[in-house]
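Welcome! Please take it one topic at a time and find each residue as you go.

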Amino acid sequence: MNQQSTDKISSVLLQFIDWLDSYGETSYDHQSFFAGPVGGGAKALYYRKPKLGTMAVAPIIFCEAFVPSARRFFWRKQRFPIADAHYAMGFALLARMTGEEKYYDRAVHFLTVLEETRCPGYSHSGWGYPFDWVTRTGVMKTGTPLITTTPYVYEAFSYVHKMDYRDRWLEVMHSAAEHAVNDIKDRELSPDAATAGYNPLDSEGGVINASAYRAFLLMSAAVQFGRDDYRRIAERNLNFVLGAQQPDGAWYYSIDGVRDFVDHFHTCFVLKALAKIEQLTGHEGCRKAIKAGTDYYVRHLFDERGLPKPFSRAPRLTVYRQELYDYAECINLGALLNGQSAELDDRVQATLDDLLNRWQKPDGSFRSRRLLLGWDNVPMHRWAQAQLFRSLCFQLYSMKKSERAA
């Protein structure tokens, strides 16, 4: 990537920040159709009685596919901790690149918000969704901490702590690690492997990216705080993730025998957790799994143009062609694994080029989805304006770091 690419990404980021300043830090969401009583009730009915439920959710799916702006009739704009964490990381990266105090201040602002929005009712710090999330196993109530959200918040505090070394941030990181140890349950599968629960109420586990997230958080915290007990728990979750990899290199969403789909961004979630653990520890098992997983990823989760596609093994009818979240995670993974796979580097370059040329709107925000007909242009911080912002900041930071090293 050349100076022109660096300049283009910088320009895109500045336009996005202008949009964020004017739009504000709350938004609708991918789940807004199902977050309120009408959509949530229809989804719950679908899981209980699929035939009757299909009729209930059909009009909502139609809106999702053809009238995405109808979200505003189903639920309200909200603030999302996972988005705040990604914005904090993005601004921290910009502060490190430019030395500009305004970006550091913006990162600190998001950390301050995160301190205020931790889930109530727990001794230690965890974060989740600000809506009732209806799933096939029940309803995760508002304020339920999720192991798929908390590690991002931990990482956001870590980013800023590496800049200013404030004990305040370190205390939150330690609290989040204690939450992951004490509030998230393990289900033992063998003497050296265990699957982590998705939240404190989940004792079954089985969701692979959830265990990958917990393994990363606790391995990072083990290094940060010198805690062998964190490391031992992380290793058991890591062994589960490594053992769940299929012979072709893929990971199903879950080992429950039901949710055996393979999609783009969940594959990235697992690979990036393994990449971060490998960078921290030099773990040989991670290295081998990353190689096999990357080979699968580049061959099965991109279309004929080399652009991200949502599924290689879909769970249901898909009402969209491409997803901003997939682009964000592809770019992030590419920066983490840059130079390790020529095929991956090529896919990332194609994805970045397409994103920069087609996905940013005149107001500076990004399109959320390419639908079967047209685009979903509703900007959603969690899905995935914030993730893309952080990915582009990380990509730019990595490019500038490579330039300095050359």
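Let us begin with a residue on the outside: Tyr 165 has a relative accessibility of 59%, so Tyr 165 counts as exposed, the cut-off being over 50%. Keep in mind that this is a predicted model.

**Tyr 165 and its backbone**

- Tyr 165 is found in the loop that links α7 to α8, and α8 covers residues 167–182.
- Look at the backbone here: the phi angle of Tyr 165 is near 55 degrees, which is a positive value in a residue other than glycine.
- Most residues other than glycine have a negative phi.

**Helices α6 and α7**

- The crossing of α6 and α7 is left-handed.
- On the α6 side, the contact is made by Tyr 104, Ala 107, Val 108, Leu 111, Leu 114 and Glu 115.
- On the α7 side, the contact is made by Val 153, Ala 156, Phe 157, Val 160, Met 163 and Asp 164.
- Sorted by class, the contact of α6 with α7 has ten nonpolar and two charged residues, with no polar ones.

**Helices α11 and α12**

- How far apart are the axes of α11 and α12, and at what angle do the helices pack? The axes of α11 (residues 264–281) and α12 (residues 284–300) are 9 Å apart, and the packing angle is about 155 degrees.
- α11 passes α12 in a left-handed crossing.
- From α11, the contact draws on His 264, Thr 267, Cys 268, Leu 271, Leu 274, Ala 275, Ile 277 and Glu 278.
- From α12, the contact draws on Cys 286, Arg 287, Ala 289, Ile 290, Gly 293, Thr 294 and Tyr 297.
- The residues in this contact of α11 with α12 divide into nine nonpolar, four polar and two charged.

**The hairpin of β3 and β4**

- Strands β3 (residues 186–190) and β4 (residues 193–196) pair in the antiparallel sense, over four bridges.
- Two residues make the hairpin that joins β3 to β4.
- Ser 190 has Ala 193 in β4 as its bridge partner.
- Is Ala 193 buried or exposed? With a relative accessible area of 10%, Ala 193 is buried.
- Leaving out residues up to four places away in sequence, Ala 193 touches Glu 188, Arg 236, Asn 239 and Phe 240.
- Ala 193 and Ile 233 are 40 residues apart along the chain, and their C-alpha atoms are separated by 9.1 Å.

**The sheet of β7, β8 and β9**

- These three strands form an open sheet in the order β7-β8-β9, with antiparallel pairing.
- β7 (320–323) and β9 (375–376) stand at the edges with a single partner strand each, so one side of each has no neighbour in the sheet.
- β7 and β8 (residues 369–371) run antiparallel and are joined by three bridges.
- Within this pairing, Gln 322 stands opposite Arg 370 in β8.

- Gly 364 lies in the loop between α14 (342–359) and β8.
- Gly 364 has 0% relative accessibility and therefore counts as buried.
- Apart from residues up to four places away in sequence, Gly 364 touches Gln 15, Phe 16 and Trp 19.
- Gly 364 and Ser 11 are 353 residues apart in sequence, yet 10.0 Å apart in space, C-alpha to C-alpha.
- Thr 351 lies in helix α14, and Thr 351 is buried, with a relative accessible area of 0%.
- Setting aside neighbours within four places in sequence, the contacts of Thr 351 include Phe 302, Pro 308, Tyr 327 and Ile 331.

**A cis peptide bond**

- Which form does the peptide bond from Trp 383 to Ala 384 take, and what is its omega? The bond is cis, with omega near -5 degrees.
- Most peptide bonds are trans.
- Ala 384 has its place in helix α15, which covers residues 381–405.

Notes. Residues numbered from 1 in each chain as written. Predicted model: local features only at pLDDT ≥ 70, side-chain atom pairs only at ≥ 80, totals over all residues. Heavy atoms only, no water. Axes fitted to C-alpha atoms, helices over the stretch in contact; angles between N-to-C directions. Left-handed = near helix turned anticlockwise from the far one by under 90°. Contact = heavy atoms within 4.5 Å. Nonpolar A, V, L, I, M, F, W, Y, C, P; charged D, E, K, R; others polar. Pairing = 2+ DSSP bridges. Buried < 20%, exposed > 50% of the residue type's maximum accessible area, 1.4 Å probe, protein only.
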